[in-house]
Amino acid sequence: MPDTQWPQFIVFDQPKEGKPPFYAGAVHAPDPEMALLNARDVFARRDSHVYLWVVRESHIFAKTAEELLQGFSISSEETSENPETYYVFQKTAHKGTLVQVGEVEAANPESAMAAALASYSNPKAIVWWVFPAWAVHQTHPTENKSLFGPADDKPYRHSSFYPTVTLMREINLAKEKLNWEDE
Amino acid sequence: MSLDLQPLLACKLLTLADDELILGHRQSEWCGHAPILEEDIAFANLALDELGHAILWYQLHARLVGENPDTYPDQLVYFREPFEFRCAQIVALPNGDWAFSILRQYLFDVLENVLLAHYVQSAYRPLADIAAKIRPEEIYHLRHTSAWVKRLGLGTEESNRRMQNALDDLWPYTGQLFHPNPGEAGLVEAGWVADPHTLYTAWQAQVIPFLEEANLTLPTAKMRTLNRELPSQHLVGILSELQQVARLDPQAQW
Amino acid sequence: MYGTTIEEIGEIKSNEQKLSDFEARIARGEKIEPGDWMPDEYRRQLIRMISQHAHSEIVGQLPEGAWITRAPNLRRKLILLAKVQDEAGHGQYLYHAAETLGATREEMIEALLSGRAKYASVFNYPTLNWADNAAIGYLVDGAAILNQTMLARCSYGPYSRAMIRICAEEGFHMHQGKEMVINYSQGTSLQRKMIQDAINRWWWPAMMMFGPHDTESTNSAVLMRWGIKTKTNDQLRNTFVNQIVPELHALSLSIPDPEMVYDEEKEIWIHGPVDWDEFWRVVKGDGPCNAERMSARIRAHEDGQWVREALAAYVAKYL
């Protein structure tokens, strides 16, 4: 078997109730359960979280505003599938990341993108992602204490834990005092 | 009554703390050497948690013996001799291959989950409080290591063989984890700690079926030495490394 | 709705026009995202830079990671573990950014382990005593922060986002090192000797992290035009010198640069000549620890193969 770094799973992070999930990054994992555990270790060492999602990279249909100018086609094949829920993510600020704006019903990714463009039209949208709801594996709130709680007890991960400013100030004051006494 | 029990509990706490410290030491040896980048990060998390637990148990021990909980843990860790440590042999065993390290961690994680489930109800409140704090982290550890044990047991012929070798090597050391400390019966009677036999039964009830589902065969070998007062060869090596820098200058604040 | 075809054919643009539009976007402060048109050279330079940065974080675990087991108190042990963990995490964010450009992690790792890809030379120096961790945090991470703060403004979206995340985490890396430098410089006689020795050995490797002088830096011009770099190597290096030198002096520590001078008029410190021969030797693989670092990474990768295969096999069989 050829060596593998395992497939990529894109990670989304919902920091608080009421705030939408955002695109945080990715992890490599053999399967969704391992991807969720890896996502927690990689992305939840700091800050608050209520949900982490992982989605196989291959399930995400992505277009930038520039690409959309080229257009894309939707299959004209008759499909007997029922429409499914697709989540819609958008990036609207150049310095930002993609954030969920809502969801649409569609039978395939291209139709989902078309529906998203119509329903969540925004001249500021720079990047669009759609992916089916079934592709999302997520953490359960009942697990949050063990998933996200432990990070709160590790204050040494923050700059504020180290009193370097105070220490330098004391040393400089002591030096000034010595200089002053010398004069 | 409870004044007589405090020294016994202090001893018991050293076994818990020393186990966490030495296990954390072995976990931290994987940083930068794990099979895949995500596991460098995961094992560092395990090590950070275990070390944090060790510190909490050492601090409670300090309070029980009338020492300063801010400074005494470092004294215990860096200035005791090997014969004064109370960890189990299993935590000091060298890391071996990934299968060995993962399986050892899994066996210990089940123990911690079973133990903490009882300790959160301890009649000795400070112990129950620490157990409540630690428990969510151990729940996560067990989720992580169970996922690994299952996958390695059932993955390929090679991973199964390595897991079986690891189990054969580790199993005889597990009995010691449930061997009562001298005087522990008093602590059990007072409802301060759980009965080791109860813990052992609960641990086996979880571990045995899980390992069998992972296509591993339970070894029949006898349990090795049960007495924690005999330091292992491995512990001597670990401590000479662990204590090296601190002992360069015992007066220094690092 | 499903039976229709939507096609809006954009104007067919010449490559010159595309390049000009691309550069205009960057000049406007827009971010380039995966899927946007980009010159091949932009893609190539970014993959090289980002993967090199990722490799540096991964290899960077080793010099400090070796001291976790010997940390002289429990607090320092926790801190060093958390720092090394972050470094692995930073490598992780960066590999992902490179993957968005079409590189795969398998390819990038193969390039590192075969010696084709580079990583920051600073990690080819040995850590000889505990105080080296202090010097690395203060000097090496201090230098990295200057570089990374600049890269956070990079024109490529995924790299910029990775850098923002890294910058937020890197602060503590520097501060924990600085705290040790301060404490040891004011500590016992042994500690003062140790920290001065560590500064003596890590000063120049940290200075070289900013890369060759602007006059020798072949990539800089195009990187600046495309918003990948916004400051030159020498600008960053001089900022670093002027930040650190007064602090080291305040702590009664010396800098191993006998030719450093203070320009009274401009009120800045000017460093002495850098030993570029040493720099190029180490970059090309002849540093004190190059072989050791690579051998450790090769070993981890090879020893891990059965593990990665086992988990892939489990998925194929059961999921």
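Guide: Let us begin with residue classes: Ala, Val, Leu, Ile, Met, Phe, Trp, Tyr, Cys and Pro count as nonpolar, Asp, Glu, Lys and Arg as charged, and the others, Gly among them, as polar. In this predicted model, the lining of the largest pocket divides into 24 nonpolar, 13 polar and 10 charged residues.

Visitor: Which residues lie nearest the centre of the largest pocket?

Guide: The lining has 47 residues, and C:Gln52, C:Asn147, C:Met209, C:Phe210 and C:Gly211 lie nearest the centre. The largest share, 9 residues, comes from α5(C). The space in this pocket is about 1200 Å³.

Visitor: What is the volume of the second largest pocket?

Guide: The volume of the second largest pocket is about 990 Å³. Its 39 lining residues include B:Ile55, B:Asp70, B:Asp74, C:Leu74 and C:Arg75, the closest to its centre. Here α2(B) gives the largest share, 7 residues. By class, the lining has 19 nonpolar, 9 polar and 11 charged residues.

Visitor: Why is B:Cys31 called buried?

Guide: Buried means under 20% relative accessible area; B:Cys31 has 4% relative accessibility, and therefore counts as buried.

Visitor: How many disulfides does the structure hold over all chains?

Guide: The structure holds 0 disulfides over all chains. For B:Cys31, the nearest cysteine sulfur is that of C:Cys289, 19 Å away.

Key. Residues numbered from 1 in each chain as written. Chains lettered and ligands numbered in written order. Predicted model: local features only at pLDDT ≥ 70, side-chain atom pairs only at ≥ 80, totals over all residues. Heavy atoms only, no water. Disulfide = S-S within 2.5 Å. Buried < 20%, exposed > 50% of the residue type's maximum accessible area, 1.4 Å probe, protein only. 1 Å grid on protein atoms, 1.4 Å probe; cavity = no way out; pocket = protein on both sides within 12 Å on 5 of 7 lines; lining within 4 Å. Points joined across faces, edges and corners; volume = space filled by probe spheres on them. Helix = DSSP H or I, 4+ residues; strand = E, 2+ residues; numbered from the N terminus.
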